[in-house]
Every structure is written in structure tokens, then in C-alpha cells.
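Student: Could you walk me through how to read this model, one feature at a time?
Tutor: Gladly; let's begin with it in view.

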Amino acid sequence: MAETKEKSLSDEKPKPRVRPIVRLGIFLISHSFHVSVVCCTAGVLALFLLPVLAKNTYISENALMPGSASPMLSNQHVSDGNRLVKDLTNPNSKSSETGIESHKIIAQYMLDLGAEVSFHKFHPQMNQFHPLHFFSSPDSGKIQENYSCSSYGINTVGIIRAPHGDGKEAIVLVTPYNALKSGFGEALSLGIAYSVFSLLTQVTWLAKDIIWLVADSQYGEYAAVAAWLREYQTPKFSSLSTPNAEMCPDVNNLFELKGHSISGSKFSNSFRRAGTMASALVLKVRDQNEQFEDTISIYAEASNGQMPNLDLINVVNYLAVHRQGLRVNVEKLWSLLNSSWLKSLGEIFESLAKVAKSLYPKWKFGIPATEYVEGTATLASSLYYQALGVPTGPHGAFRDYQVDAITLEISPKFSLDKVWRNDILLRGGRLIEGVIRSVNNLLEKFHQSFFLYLLTSPSKFVSVGVYMIAFALLIAPLPMVAASLYVDANSSSNCSKGDSSTPSAITDTDEHSIAIRSWRWLNSAKLVFIVHLWGAIVSLLPYFISQIPDCSPTTSFMIWVLLSILSLLTLNSVLASPLACAKATQEKEWALVKSVTISSVFIGLGLMSVINFATAEIGALLMVPMCLLAQPLKLDVRAGTLRSFCRMICNLVLGHIAFPPAAFFLLKGMLDGFGNANVGDFWMWVESLWAWNSATYLFIVEVTYIFSHG
Amino acid sequence: METFINPKSLFHLLLLPCLLLYSSIAYNSSPVEAAMHTNNWAVLVCTSRFWFNYRHMANTLSLYRTVKRLGIPDERIILMLADDMACNTRNKYPAQVFNNENHRLNLYGDNVEVDYRGYEVTVENFLRVLTGRHETAVPRSKRLLSDEGSHILLYMTGHGGDEFLKFQDSEELQSHDLADAVKQMKEKHRFKELLIMVDTCQAATLFNQLQSPGVLAIGSSMKGENSYSHHLDSDVGVSVVDRFTYYTLAFFERLNIYDNASLSSLFSSYNPSLLMSTAYYRKDLYKRRLEEVPVTNFFGSVMETIHTDAAYKALSRRNSGRFEDEMSLDQSVHHIKRRMLIKVNDGDEIHDINPELLQGEEGASKCPWSTFRKKFQKAENVDSLLNYGLVAMIPLLVISTWLVQ
């Protein structure tokens, strides 16, 4: 607004001095088309440059000192672990229906080591839809009413108290275990954890308590861990737990039996706690494996793109690579690895770097093309999982309580002989021991290193300061285009006025009309608001649809679509009727509407980038071109030129791509082939998103809105 | 130094052939420099907290052990430790601190007296200790009760930077503060000579502001250099000693209480390639030649016992002028002679004493023989005296037994 005034002033009388920043603003606005083209291209290019700009990770926290202590895990502990694996894989233990036997075995082993043991009984929580839940605290510890005795899980928890510690902090080790159908991998992960646990009962250097949680994964790994964490973090001071236990005799029986058989030991029926959690490690061993060497995969993404502190990943990576000789993996988009265009892009960057280096030897930013492709694939998956907002493992539950956690998945090169098994127990155990010892050295919470980063390989990262540049470039054109559209809309109407009336005859009524005109954007804002409202309604609909019992995904999707259209019509008739007539009278208003839309998108994206960067980045990639190109189809059709035709095609294509279902199908088609795509899949996908209360929802709202507008 | 010496004593000094030998015995008739070296103090400071700074506490405790071994008693050592590694929960060996991975020597044995520990180690307390401005309730054991005859060793280790030393992860001691404290000490006659030894990164910068005479300073690294740890104890899981301190200790391990290796031999023992930094010493404020100052002047407590005729010699000395001075000089010569006799195997130290100078001095000496003989008898003929005494005892014994029978 200020800039427009300034401009009109300078038009009227040639003022000698305009402040440079204002002049720059005017220049940018008047050349908004070129500026936006340049900025968008630069933004996309910067995104592709990120793997090149990635820095090597380094351990930022002095106190960690990973690998400074030699591992103490010996063959004695390994054979202890082996014993547990044998007992668990023994067919006798599996005979029980509920799998209680194996929990008893684990508990007995823990007790033998002198740890405190307790069982935690939980009822799996069904997926609930909490719109905008991510703004609130993780959970308030609600107790569900519809317990049934048949469906419950049992977590076995063992706690070692630090011999000289103050008991105010704890490190958590989680091994998901499904007693009913456990594979050999799960048993092996328990073996590794047990061997570490048996070592830690003997050492004198513990400063933090150790909690070993054997999470019952028959209702999902995440659910078990989340249930235990909920219980841990929200202590109940009433005696609510006892009636629950009484309701289900089976569980009671289990507790009783344990209590009697080993009276006077450290077993307890009540929920046991240790101190504040410093960090958590989830350990898994994959059953089948296609790799040629022992690898370890790190999963770090928690809900809404939150990441654990980079130092934790660094410690694991350092110890795995430099101490235990394991190969470290982070998630990649495998389909990108073979894409030829990425490879050629990498080669271009490589050759550019060579040229730069030949010009000035100190410039060393090039990376080999293959490394570039891998980095891009990793970066893409990092972006994707952060944008999706769905945790990639049980570690996500910890992040909701501000505990840094990662999932380590060991995938050994498989063979069944004993030497190999001992080897993997030893190396895995030593890795875990090293990480625990390192975290044990920690004096404060993880805070030194980054929380906002994207990984391009296990030892390379792009920090927030770098990747924000790409995003900023991408959304920079939005306010400029909005401003220029607004100026155009105002000045064009001014001109038409100026033709009819002479400048000297400015009367009160004219001033009044100018005042009205300057508030005209409110009309457009109203339209935009209504469409946003519709978007919100559409995104809330699935909650009600999910209440309908016995609904297949396809039918519920259909219901959703129908209801959405219905709500649009209703809204249109109820609220937008005055607007519709305004539309009819003033077709040129579209520019103003577009300007308001763009500014709202700009604000939305800016806010979103604070909440979840990856979502905002992907959203910007889709929405910015669409916003900039959008124009009423009617006008294009009427103009009939080649340029407008092209623009129309672009609009249609972009509009369809950015519509979430369409985008989903395209992605799925690209990844899996179009054959098995199904409408129901989208429903499932959306359902999985609510389950995690994902911020992606907001994004969908916005995209939906844009589409409807376009 | 000249500014403190009145013209009269200056005249004496000019007469004497060897100024440096003169000062080594610490006799001076000027009011300020009048005190001779009578006692030794050590202030040992570890300024950093946290388990991963284990080595700083080990450094300080090693120095503590060394100066104690070389004769400074516990009551004259102010030991400041900012954290308690021995009882840290992460310590694999509870209540023990080692400075070597061979774990042969427990530095935190039964006989360690920590004066300031934990959060008591602050810049304020440190400066109070140096300047002696304590609150009335502070016990004597926590005070630096030095006087104008004191040689003080000030050892500091921790994390430092350009002209500062970090205390407790929250405060800093700046080079200005240190220089000011030393100046105050000088004004209050709290030391005769002060050796500041600092093992931090960029340690040399901490001495930049020092102005007071009689101060000798050595730091582990120059400006822009880091001081590194010597080795990692993979059993305890931390680095246990810093390089500079390690090689200092290595030097002192070869010495016993009677050795008189010179300060210059200590300073030249630092090898920059082993240290991975350049040890820097500042001696422009220090007037004695480093070749002639034994390390035990600071790191030990070897006192000369000088017999005097009068109970209050100091008074009479002040009254009589030149004669007393020369007598003292003569004593110094003897002192040196005895040193040469006692010397064990430090061959490279012999060049400390210039024979020609000795000759000249002996020629110049005009002391009364009685004093000399007394001293001689006391010091060197003790053995023969003892033997004669024993021989004399035998007939006495025979007579007594005969009488009894």
C-alpha cells in the first residue's frame, strides 16, 4: 500500500529523493514477472544444489566423547545373550496362546541379573482423529472406556539403577518383540539387548539409569512404546490400575504367578520409573536381508518432521563405522538412484566444480556424480518423510516427549552358523554399549548440535541455514507478484476513471469512491476466506465419515467426495450469493482475487515453514508455480493466442497435479506402476495421516483451496 | 629493580663481583628487597568442571603430588579443584584419579587436602586467595599466608583463550585481573618471587599484562595455539593428562628433593614437537639468571639453615652496613660449594657456577673466621664429630660396667 502511494506520488510530481529501499521495492514490483521467473528457477536449482552444499557431520557436544572408552562387552556377555536367544526360539516357549511364557522368560533373565522388573499392561489405542492436535501437548493420558480383556499387550520393563548415580536421568533401550509370531531377528535383537544389559549390571561407570523396554509389538511397535511412554510421563495417583487388572483375570494371573515364584526379589506389580529420559535407542534386527555386508539403518524422522539431535546420529554413525566396522544406511528413495536425469545433473555439477577448481584452486565444492545421485535420493526421502509427518519407527513416540531417539535396524548378512551369530551379537552389543556410554557422559540434554537438518548421507547434512535459502527464493516472488497485481488492478480502474473526469474536478463523491475502491480487496478476501472455510470443512469431513461403521475405503472415499461437493454448493448458496453477483458485474476483479490469494498462500507457506519445513518446501514447489500462472480459463479461451493457450494447459495440468488425490496417484504410479493404484489407497493414506495428527493436513487444505479457486 | 634500590646499596652492588650470586642468597639491604627467601607456597588451580575435563584435575593433582614430594608442606599448598572427578558417577574407579593409563599411581590417595572445591573455585575466591582479602570467617588453611620472603608457585589449568582463562564454565579470569592481583600482592609484600605456570590454550596471552617485578611466567602455548591432551585412557574413557603438564612431570620425576636442576633446564626440556605447541616463558620481569635458579626454589621447599650469633640478627644487620653484606656473600660461596658436593648426577648443571667468579669472590671475602669455622663444623664435620663421640663413649662404658661389678 505504502509503495503504491509512493509510486503515485512520484508520478504526480518528480520528487528529487525517494529512499533507496523504496525505489528497490518499486523496481522489483514493476519487474515482478522477470523477478519471479528468476527467483523460482533459482529456488528449484538451489534445492538441487543442496547435496553439493551438504557439510560433513561432526560431534558438537564435547561431553559425548564417543569411542574414547574401549568396549567392555566380552564373550561372556555374548554367550549370555545367546542363551536367551535359544530359550526364546525354543518351540516349547511358544506353546502358550498369549505369548506370556516368553515374557516370563525375559523377566526371569532380567531378574537373574539383579535388575528391577515390572510388567506393563496396556490396551492398544485405536487411531483417533484429532484435528490440529499437533499444536497441543502430546497426550493428556486419557483412559479409554472400551477395554476388552482379550486385547491387551504386555511390555516387560527392566531397570538398572546407576550404582553411584542420583537416579535423575535414564537411558532407554527398546526392543520390539512380538511373542506370538516372533521371527529370529526379534529374538536376536533381544539377545543383543540382553548382552548389553548384563554388562551394564556390572559396570561402575553408570551415571544414568538404564531402562530396557521389551515392547509387545503385536498391536504395532509404535502403539506399545507410546502406551508405555504415556504411562511413564503421566503418573496416575489414583488406584485406577488395580480395578483394570482385576477385570482381566489372565493378566492378574500372570502377575500373581510371578510374584509368588520369586518372592523377595526385585519384581514388582506396580509401574516402575527411573529418571528423566536423556535419550532412547530402538533396536531391531531385520529377518531377511539382501545386503552383502552387515549394515545398520538409522531411522530418525519423528512426527511432523521433527528430528532427534544430530549428535545422536553422529555418535551412532561414528561408532558403527569407525569402531564396529558396520555400514551405515539412512533411508533413500531407491527409485531415484537409477534415474538418468539425476545422474546427468550430477555430472554437470561435477564438471562445473572442476572448472571452478581450475579457475581458483581453493574452491572445492564438487562431489562425484554417483555421490550426488545418492545424496539426492537420501535428501528426497528425508524431505518426504519429514513432510509426511509420520514417524518412521517407534522412536517417534519419544520425540513427542522431547526425548531424542532413533531406531537402529541391524541387517546382518545372514547365515545360521554360530560363529556368525556370536559375531553379530558382539558387534551389535558393542555398538549399543558405546552409544550408551557416550550418552552416559552427557551432562545436559542434547542441545549442542542441530535439530533442523536434512541428511544427504549418514555423515553429511544440510543445515537449516542452507536449505532455507532454497525455500526463501521459491516464495520470494509471491509478495512481489501480489503487490504488482494489486497496483495494476488499482491503477487500471484509476485510468478508466481519469478518462471520463478531468483531474481538476475532484469532488467529495470521487474521494468517497476512491476510498471504496481502496477497500475493494475486502470483497476478494471474503471470497478467499469462504473457499478456505470450505477447505477446512472438507478436511474435517473424514472424521465423521470414519464414525460410520463397516465402510470399505472406496465407499468412504466416495462419501467424502460427495459430501465435499455438497458442502461447496451449500456454502456457495448461503454465503457467496452477493459475491456471485459481484463476480458477474466485475470480471476484472480476478486480478485482485489472485493478489489476495497469493498473499494468503505466502503467509501460509511462511507459517508452515516454521512448523514443518519439508511440508512447506514441497507445498511451495507445487503451489508457487500454480499461483503465479493461475488465470481464469475464460480469459485464456477468449484471447486465443498461443501463449495464453500454453498457459491454460499449464494451469490445468498443474491444477490437477497439485490436487492431493491426483498427486498421490501420480507418485504412487511413478513408484509402483499405475496398475495397482486404487481410490481406496488414497483413503488409507489419508487415514494414516490422521493417525499421526499430521500437519500435512493443513497443506492439503490449502492445496484443495487453490484448486477450487483455479 | 633499580627503582627499589637506594643509592647506598647500589654502591655496594657495584663493588661486588657477582651480582647474581648475591641475589641468589637473597640478602639485600634495601627496604623492599630486604627479605631473604624463607618459605615456599604453592597455589594450584584446576578451573574446569565436568567429566570430560578429567585431565585438568589430574594435571593439578599431579603437580600437587610433585610439590609435596619436593618438600612443600600441605599447609602451604592452596589446592583448588573445580570439580570432583574422583567421586563422579562416571568414574570407573571410584575415589581414584589417575594421570596415566597404566594406573600405577593413584593421585587421589589418603593424603590430599583440597582447600577449595567445586563451586568454591571462582574468580572471586581465586583473587581473594592471591590478594589475601578474605572475609574474617575464612580459616587459615584456606588463606595464602605468604610474606615478603615467599616464593610462590601459581599453577593454573583449564580452558583458556586470548587473554582469559575460563572458570567453572561460567566466568573468566582475564589477564588484566591476574596482573592486577599480582600487583596488589607485590604492593602488600606477599611474595618475593612468583612463578606462574599455566597449561591452557593460548596460555602465553594470560601474561601479557603482568608488570610486577619478580614474576616469572611460563605457559604451555603461544597465542593462536592449542594445548593438547597427552593421551587417552581407554579404560576410564577420558584423556587423563595434558601434554605440557605431562612433560613437566616427566622432568620432575627424575629429581629428588636435593637436586638443583635449574629453571632453564626445565624450560628447555619442553620440546615443541612433543608438546604440539610452543611453551613460552616470560622472564623480563625476573632479574635472576634462570641458569642459576634451582627449580626447587619454586617447586620445593629446600631451606638453608643459617646460624646466627644473635637471636635477632635481622636488626643488627640493618644497623651495620657493608660488612654484613660481604659476610653474607661469603656464606653464599660456601653454599655453592656444598651444592657442588651434594650434586648427584646432573652433570649439565655444573656450568651454573663460574669458577673464576668463585675465586674472585673468595679473594674478596673478609669475614671473621669464627663464624666460618662454626658453620664449617656444624655442616661438614658432623660425621667425624659423631665418630669421635662414639669412640669416647667406649671407655666410659667400660668404666661404668666395671664400677657396677
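Student: How many helices and strands does chain A have?
Tutor: Helices are DSSP runs of H or I with at least four residues, and strands are runs of E with at least two, numbered from the N terminus. In chain A that gives 28 helices and 12 strands. This is a predicted model, where local features need pLDDT of at least 70, side-chain atom pairs count only at pLDDT 80 or more, and totals for chains, interfaces and linings use all residues. Residues are numbered from 1 along each chain as its sequence is written, chains are lettered from A and ligands numbered from 1 in the order written, and side-chain values use heavy atoms, without hydrogens and water.

Student: How much area do chain A and chain B bury between them?
Tutor: Buried area is the accessible area (1.4 Å probe) that two parts lose on being put together, summed over both. Here it is about 1,300 Å², with 59% on carbon and sulfur atoms. On the chain A side, A:Met65, A:Ser68 and A:Leu443 lose the most, together 33% of what that side buries.

Student: How many residues does each chain bring to the contact?
Tutor: Contact means heavy atoms within 4.5 Å. Chain A brings 19 residues and chain B 15.

Student: And how many salt bridges cross the interface of chain A and chain B?
Tutor: The rule asks for a side-chain nitrogen of Lys or Arg within 4 Å of a carboxyl oxygen of Asp or Glu; it finds 0 here.
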